[in-house]
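This briefing concerns a single model, to be read alongside its sequence and coordinates.

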Amino acid sequence: NPKAPNKKQRDVLVVASKVKAYMRSRNMNTAAETIQTVSDQVYSLLDEAICRTQANSRKTVKSHDV
């Protein structure tokens with residue numbers, strides 16, 4: 001997507017403390033790069049939802065687009 005910022009300019013979209021707490025609740029540790037990788041996956045998921053929304057001539061992303 002040409003309008004999407006590249007990975008180096010992107011803000012982290014997930015709350016790191018919440019991700020780490022969830023991982024701890026599952027008796028797992030979280031490597032430093034995990035938070036950025038999870039955030040990158042969220043960007044990808046949202047970009048795909050945006051494409052589906054645009055393909056249906058809408059401007060509102062709905063739950064079924066995700």
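Is Thr 53 buried or exposed? In this predicted model, Thr 53 is buried, because its relative accessibility of 2% falls under the 20% cut-off. The points below place this residue in its surroundings and then turn to the backbone and the surface.

**Surroundings of Thr 53**
- Thr 53 belongs to helix α2.
- Setting aside neighbours within four places in sequence, Thr 53 is in contact with Arg 58, Lys 59, Thr 60, Val 61 and Asp 65.

**Positive phi angles**
- Most residues other than glycine have a negative phi.
- Asn 27, although not a glycine, has a positive phi of about 60°.
- Asn 27 is located in the loop that lies between α1 (16–25) and α2 (34–55).
- With a relative accessible area of 71%, Asn 27 counts as exposed, because the cut-off for that class is over 50%.
- Ser 57, likewise a residue other than glycine, has a positive phi near 55°.
- Ser 57 is found in the segment after α2 and is exposed, at 70% relative accessibility.

**Nonpolar surface patch**
- A nonpolar patch on the surface is formed by Leu 13, Leu 45, Leu 46, Ile 50, Val 61 and Val 66.
- Together, these residues have about 450 Å² of accessible area.
- Leu 45, one of the patch members, is in helix α2.
- The relative accessible area of Leu 45 is 36%, so this residue is classed as partly exposed.
- Val 61 is in the patch and is also among the contacts of Thr 53.

Methods. Residues numbered from 1 in each chain as written. Predicted model: local features only at pLDDT ≥ 70, side-chain atom pairs only at ≥ 80, totals over all residues. Heavy atoms only, no water. Helix = DSSP H or I, 4+ residues; strand = E, 2+ residues; numbered from the N terminus. Buried < 20%, exposed > 50% of the residue type's maximum accessible area, 1.4 Å probe, protein only. Contact = heavy atoms within 4.5 Å. Patch = residues over 30% accessible without salt bridge, like charges linked within 9 Å, V, L, I, M, F, W, Y side chains within 5 Å. Areas by Shrake-Rupley, 256 points an atom, 1.4 Å probe, with all protein chains shown as cover. Salt bridge = Lys/Arg side-chain N within 4 Å of Asp/Glu carboxyl O.
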